[in-house]
Amino acid sequence: MTHRIYLVGAGIIARSHAAAIKGLPAADSIQLFVADPNAATLNTFAKQFPAARTFSDAERMLAEEAADDDIVVIATPPSTHRALACAALESGRHVLCEKPLAMDREEARAMLAVARQRGRLLGCCSVRYFGWSPFEETRRLLEEGALGSIYHVRFTFVEQRNRPGIEYQPETLWFLDCSKSGGGTLMDRAPYEFSMLNALFQPTRVEVLNAWLVDPVTELHLPEGVINDVEQHAGATLRYHLRDEAAFIMHYERASATHSTEQADIEISGLKGALRWDWPQRRARNLLTHSYDHAGQAETKTITFPVYYQGSIPFLNKPLHYFYQRVNGQDSPAVVNEQALFNFSCVRAIYDCASTGQPQSVVFERE
Ligand SMILES: NC(=O)c1ccc[n+]([C@@H]2O[C@H](COP(=O)([O-])OP(=O)(O)OC[C@H]3O[C@@H](n4cnc5c(N)ncnc54)[C@H](O)[C@@H]3O)[C@@H](O)[C@H]2O)c1
């Protein structure tokens, strides 16, 4: 069983991971280590988690010999993920990396190559919606074949103002700088969404047929010198290829700033039935509707479900809990290795399609 957890980065999300340790088995015997070059951030962390051993750099923290089940969590801005994750894997430890996994597909591939070479797991923290009841109900109906062949999926999560670095976590300005974040609303939120969509449909290949990225104009009062060059509204048309040679088209749209109407839902259309459910946002009605034909008449069943943060494992704890289970040989929905690379590549392929104007193809590659 894992007895040592190392956090690289002591910022906002690192504190959630540290708090999540309390819910792990034998939590009292888990030693927590944390490294951050920012002394003030490290200090704030140490006040909240006084038992943690603190370091000003990750290399020193990971210098001691690795145990087989040590876990390192990378909780730093995306531009640092590759170097820090590779160093942690090289130290002989399993690595759970914050989303987005990397800056681009090349970096993510390089990280997986080191994980394979060292025989360690590379996980991604993109699993917070797994286990949520509409997701599980959808999975159940898909597995039962209740919807028949799927021919269209529409995913929409359009918020008028919820930009990381502006309305959400306004003190964290690196979110707005593409050289540090790798992108805007897509890099920030799409990793969760594609982890969920890919877990539901388990595609063998995803094509991005066309894509667009924009940053709608709004009045802003950012501190002088702050770089703000990321997209806040994006959309793509994708073709999902499934294991049984079937395929469907997906229309995907998300925004953290837009002048369009707010909307947040997912609709899955199959030849025998359709499902629609609210994606979590402020005004979500938390409804899942299942529509189908009954003796020639349209029928609809409606289920009300609990909000996504209620459940046996709090949603912020899921990444560490699921990864811990996987590292310790238990069944777990953790997203690791080839699946982590594939999910992230679907997100990056949207950028690559938008910037080149060329369709992109992402193939699920088993080792
Ligand atoms: N804040 C959230 O709600 C949230 C939620 C989920 C995921 N994430 C993801 O978590 C990651 C971190 O986000 P955050 O909001 O915690 O950012 P943050 O700015 O609050 O914290 C990042 C910390 O990393 C430290 N850092 C930078 N380089 C480092 C290095 N080389 N070694 C050690 N520490 C280093 C910084 O000093 C900073 O304290 C990002 O990938 C983000 O997308 C954030």
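**Exercise 1. List the residues that His94 touches beyond four places in sequence, then describe the setting of its side chain.**

Solution. Leaving out residues up to four places away in sequence, His94 touches Asp68, Asp69, Asp70, Ile71, Val72, Arg120, Leu121, Phe323 and Val327. The model is a predicted one.

Step 1: His94 belongs to strand β5, which covers residues 94-97.

Step 2: decide on burial. The cut-off for buried is under 20% relative accessible area. His94 has 7%, so the residue is buried.

Step 3: look for polar partners among the contacts. The His94 side chain reaches the backbone oxygen of Asp68 at 3.1 Å. A polar contact also joins the side chains of His94 and Arg120, at 3.4 Å.

**Exercise 2. Identify the closest residues around the ligand and the distances from polar side-chain atoms to its oxygen atoms.**

Solution. Step 1: take the shell. The ligand is surrounded by 24 residues, and the closest are Ile13, Asp36, Tyr168, Gln169 and Trp174.

Step 1: read the polar distances. From a polar side-chain atom to an oxygen atom of the ligand, the separation is 2.7 Å for Asp36, 2.9 Å for Trp174 and 3.4 Å for His81.

Step 2: On its own the ligand has 830 Å² of accessible area, of which the protein covers 85%.

Step 3: assign helices to the shell. Both α1 (12-20) and α4 (81-90) supply at least two residues each.

**Exercise 3. Find the buried residues of α1 and the elements they pack against.**

Solution. Step 1: list the buried positions. In α1 these are Ala14, Ser16, His17, Ala18 and Ala20.

Step 1: consider spacing. An α-helix has 3.6 residues a turn, so residues three or four places apart point the same way. Among the buried positions of α1 are Ala14, His17 and Ala20, which can be checked against this spacing.

Step 2: name the neighbours. The buried residues of α1 pack against strands β1 (4-8), β2 (31-35) and β4 (71-74), and against helices α2 (39-48) and α9 (318-327).

Conventions. Residues numbered from 1 in each chain as written. Predicted model: local features only at pLDDT ≥ 70, side-chain atom pairs only at ≥ 80, totals over all residues. Heavy atoms only, no water. Near = heavy atom within 4 Å. Polar contact = N/O pair within 3.5 Å; in protein donor to acceptor, adjacent residues only side chain to side chain. Areas by Shrake-Rupley, 256 points an atom, 1.4 Å probe, with all protein chains shown as cover. Helix = DSSP H or I, 4+ residues; strand = E, 2+ residues; numbered from the N terminus. Buried < 20%, exposed > 50% of the residue type's maximum accessible area, 1.4 Å probe, protein only. Contact = heavy atoms within 4.5 Å.
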